[in-house]
Number of protein chains: 2
Amino acid sequence: MSYDSTIHAKAGELIKLSYEMTAAAGSGHPTSCASLAHLVTVLMYDHMRYEPANPAHPSSDRLVLSEGHAVPVVYAACADLGVAIGKDKGNLRPMTVEDAMTLRAIDSVVDGHPNPVEGFPFFDAATGSLGQGLSVAAGLAAAAKIDALDKRVFCIIGDGESREGQIWEAVDFIKDHELKAVLPIFNCNVYAQSDVVSPQQTPETTAKKLEAAGYKALVIDGHRPGEIQAALNEHAETMSNPNAQPIAIVAKTVKGWGSASQQGDGHHGKPASGDGMAQALEELTATLNDLGAMADTKLSIKLMSPRNAETRDAIAAPSMDEALKGFGMEDVLSKGKLATRRAYGVALRALGQARADVVALDADVKNSTFAEMFSKDESLASRFLECRIAEQNMFSVAAGLSAAGKTAYTSTFAKFVARGYDQIEMAINSGANFKVVGSHAGISLAADGPSQMSLPDIAWFRSFATMTRPNGLPGCYVLQPSCAYQAYALTMAMADFDGVCYMRTLRPDMEFLYSANDTFTLGGHEVLSQGRDLLIVATGYMVHQANKALEELDKQGIDATLVDLYSIPFDSDAILDLANANNGNILTLEDNYGAGAGSAIADAASADGGGFTVQQMHVRNLPKSGRTTEDVMAYCGLSVNDIVKGAMSMLELSTA
Amino acid sequence: MSYDSTIHAKAGELIKLSYEMTAAAGSGHPTSCASLAHLVTVLMYDHMRYEPANPAHPSSDRLVLSEGHAVPVVYAACADLGVAIGKDKGNLRPMTVEDAMTLRAIDSVVDGHPNPVEGFPFFDAATGSLGQGLSVAAGLAAAAKIDALDKRVFCIIGDGESREGQIWEAVDFIKDHELKAVLPIFNCNVYAQSDVVSPQQTPETTAKKLEAAGYKALVIDGHRPGEIQAALNEHAETMSNPNAQPIAIVAKTVKGWGSASQQGDGHHGKPASGDGMAQALEELTATLNDLGAMADTKLSIKLMSPRNAETRDAIAAPSMDEALKGFGMEDVLSKGKLATRRAYGVALRALGQARADVVALDADVKNSTFAEMFSKDESLASRFLECRIAEQNMFSVAAGLSAAGKTAYTSTFAKFVARGYDQIEMAINSGANFKVVGSHAGISLAADGPSQMSLPDIAWFRSFATMTRPNGLPGCYVLQPSCAYQAYALTMAMADFDGVCYMRTLRPDMEFLYSANDTFTLGGHEVLSQGRDLLIVATGYMVHQANKALEELDKQGIDATLVDLYSIPFDSDAILDLANANNGNILTLEDNYGAGAGSAIADAASADGGGFTVQQMHVRNLPKSGRTTEDVMAYCGLSVNDIVKGAMSMLELSTA
């Protein structure tokens, strides 16, 4: 039993260090660590193929710790193995036990939960908001499949955590896309934070659920090295067998394994200290002795030399006019109008043809978002991932794809993007690079009613735009094109931004305001009309409403400037210069709730102290269905007439 | 076969009207309606116990149409049955076919998706963002259980929709809480929007998943009236059998049933018109004739006389000091400090004792949010619903509880509240009345790191605060107490607001700033210090940071006013008056990303045009773990020293 005794000895070391780290930090989850120690030891010291000196290489096996609070046990292994760490990707150094002991300190790379942006490249994604890791693992595996890399992706999920519906979305997704490289490992240690887990999350029920979903569930004792090894080997064998079912491990474990005084209820997230710590370690030593733990076998990591996926140089993407012609859609040019959502589809297809790193995902609405222009192109179909009606999983899959070097474009109705806000935030925390395209945004959708309208979305995404990530770039760009040409150009521009962008596309066809000769940039805006009385700043559909209002305002003797604010953040100096040229009067127009674009203008104007006046017109009531966009615009006080009245009232003129 | 022939005839009528309604609207989903026609007919004409004249009564059986896009078939039944409609709850009138034909018009109560706030009280909740209905049904059943009402709650879920993880969260929740009154009905019509459903969502796989979760799955032909009737009866029988497993129906149906030309791919969400319509109706008639459809049996609704749950008059809630003493926690008073999250627990327990309508829900963090003070009180335990780690389900359950007259308080980490933003938005759209309490918000949490910190939350919730619901109240109140007394008082105050409130509570203990004699109101603020040079507007933890900064500013000769802005929306005139008394200088402080409270102040200040200057201090970088709150405050530029510098720089003084 020398393999077993060696694993026990190493697991014991990791548990001990986990207790010490969390005690030093004054917080953390040592008992969760103890439940995982054997699984992590067998994985990281024996089964996984990777190089500690090169922990982020996309061709190596990956470990996604979905139950992120158990991270000290992985840190302990990394400290022992000298896994490379450091904020400067070009200048990593081997982790030490001293590093481990800085857990959770402000100047440490060893964060409270897995966090790759803080200098821990072993992890692909920030975890800790539960239920997301299996989707990230699926994204990593999907990228490996596209790149034909022989890679295994292990994902450890807590039993309590498996109550999150997203886990089961991922289970279905992995089966649909035959991503057998992923091995879900359920860590069934019985105790969640505030109670024992539900009977719905026992190992037996979890195994039944997995079997119902088409998996072979291997129920094992998660503290028996041989059982762990056998299960991992069975997974490795199934990867090459096209007829084999996907495998999942359901591991029965003990929270606080090895130390009786740390077991049972009331020990979640509580570091031991003083006498309690001494007792825990004493019990642990006794347990290890009883098991004959002894490091008498050499464990050697299966070094996997990094191998790069085949790459193809990007070619220049065509202009929208060229793309339309190339796709047999030249009739659009003569019509003179196109929905921005359709322009997105055209751009996505052209971009996919130009760049091999581009992958597209959609949640069963590809014929509405027009992601289907990508999926229906035979040359691109293998890079399209249909995510079905499961948005949470889609965004976390995109984060996984990003970690493997892909540039993912995700799309669904903007309203349903909200289903994945927590996942998108975790991806931003991870430094992920993918694009979110929300269609049918705002009230211009009309007939379907408020359940399909996205209205607080600008506020949420722009909140990220107010912060800067460690790479010096904004947390997010929020884009809302008013014209198909702009949507096309911005779809292209997003690909060159290393981070998350949110682009809002609209349902209605809209007349062209620009041409293929115009350029648009993240952070840009367009001046559509130069006046001197009033600066109107409009977004998306409201640019067209404003354009119509200009004519009437002109009749009333008001000479307005019109800016199409298609990006947040934007050049606030330039906007305020325009405002200054208009007596400091700014009227903002947007077809969503407040705290959005108008509020971003108010932030800039009020910070300046230059005496600007900013009146915001936005949706101020709960919308409802209307058969036409104009009906709903009027219902929400955003008709052309409302805009004229708003402008007049702002300038204190009467409409009489 | 007279029952069958009668149901066929009625189902045919409903399908025909669904085609006509969607044709009149120019949009909608007639083929989905056709797949549900028999199920809806048997339910609404034969099995359900309710009064068409009183469609919202909480004691009647309920129908939650989770796949909201199929709503015309329910409208068709309501028009035929004269179910009462109208925006004025006190003045309803029977629905007519003419009403049905106004589907989706701006002045119609017949919205594109189920929408109770627009005058359709038959529905309990807005649906249409998929995957939420079963949780709403669970909330309705949980309320019925508390009230000992014999009620059945039918929930129709699409097969494609069942990919949403939330459905499976609800499946587990219903099992955990033995809510056998809920009957999930999966409408397996094979076609989702953009494709056939995944093999993971076939009737067979869905049935296996349900069985794994402990249900008895009845797989039936959803177009055979007898099979539907038998399955519904089996459900009714199990309700009174404590040993019976919960039942779910998996109905195999045909999208576009009755009309071959409307079947297969490409018919989702497309109304028929012209020749296509004529053909569809002709085929339908032929199908009905083949089946011998004939209204030869009288169907009569099982009228259920409304019965009110027993109620108990609310008693006056105690003050926080009284509550602490009553709960044996008087030691807190001498300590002089308490975390706002703990004050929430004290208030929730006191409120629960005072008001029988109060129900509490938490997602496995009740010992962190302190909802456990409610759950551990034996007199309240039956009104506590442990939702486990499944936030989406929790918020939709709360919406269901609200529809049944309960006032639900939901709690989890503020970060994880984001998991349910789409559900919360749908609840706001539904006119639901429940409270969301997010703990450990902002960066004061420190050690756990960004995966547990809520940072764009204020922006999102305050976006709803910029709009007004049909009842004339704001879409939401955003509350962030800086002191336990405030948290206690606001927990009480929220109970009297008919709508959704979001209260942010914090991890650290904070010194008392107020006493039990102070009153706090939704929309209020507190002036903590009156100065003349600078108005500092701070929220939550930052009020304490600002308090410390005041002293240093005073040394520097700056006499600042300090406002504790604990509510959004707020009295902006009062805030601007204070700013005017401080030379128009406003410095805002918040420990979250931008677009939040500071931006709300900027909105007010810039709208006024009075020449205010608003400098916002907020989190402008991605936070990380730190062992102390002060470490993370400094890392994010929000230390006391940073505030002093910010204030000095704003007033153009040097700190030298």
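How many salt bridges does the rule find across the interface of chain B and chain A? It finds 16, a salt bridge being a side-chain nitrogen of Lys or Arg within 4 Å of a carboxyl oxygen of Asp or Glu.

This is a predicted model: local features need pLDDT of at least 70, side-chain atom pairs count only at pLDDT 80 or more, and totals for chains, interfaces and linings use all residues. Residues are numbered from 1 along each chain as its sequence is written, chains are lettered from A in the order in which they are written, and side-chain values use heavy atoms, without hydrogens and water.

**Stop 1: both chains**

Show chains A and B together. A rotation of 180° with 0.0 Å of shift along its axis superposes chain B on chain A, with an RMSD of 0.0 Å (least squares on the C-alpha atoms of residues with pLDDT of at least 70 in both). That is the relation of a two-fold axis. The same surface serves both copies: 100% of the contact residues of chain B recur in chain A.

**Stop 2: the interface**

Select the contact residues (heavy atoms within 4.5 Å). There are 119 from chain B and 120 from chain A. About 9200 Å² is buried between the chains, and carbon and sulfur atoms give 46% of that area. Buried area here is the accessible area (1.4 Å probe) that two parts lose on being put together, summed over both. Now pick B:Arg163, B:Arg419 and B:Arg627. They supply 9% of the area that chain B buries against chain A, more than any other three residues. Next, zoom to B:Asp111, which forms a salt bridge with A:Lys624; the closest N and O atoms are 3.1 Å apart.

**Stop 3: helix 8 of chain B**

Select residues 225-239 of chain B, which form helix 8. Helices (H or I, at least four residues) and strands (E, at least two) are DSSP runs, numbered from the N terminus. The buried residues of helix 8 are B:Pro225, B:Ile228, B:Ala231, B:Leu232, B:His235 and B:Thr238. They cover an arc of only 160° around the axis, which puts them on the same side of the helix; the arc is that of the directions from the helix axis to the C-beta atoms. Buried means under 20% relative accessible area (1.4 Å probe, protein chains only). Their packing partners in chain B include helix 1, helix 2 and strand 4.

**Stop 4: B:Glu67**

Move to the loop between strand 1 (62-65) and helix 3 (71-81) of chain B, where B:Glu67 lies. B:Glu67 is buried, with a relative accessible area of 2%. Among the residues it touches are B:Leu36, B:Ile156 and B:Asn187.

Key: The expected span of a helix is 1.5 Å times one less than its number of residues. Buried means under 20% relative accessible area, exposed over 50%, partly exposed in between (1.4 Å probe, protein chains only). Lists of a residue's contacts leave out its neighbours within four places in sequence.
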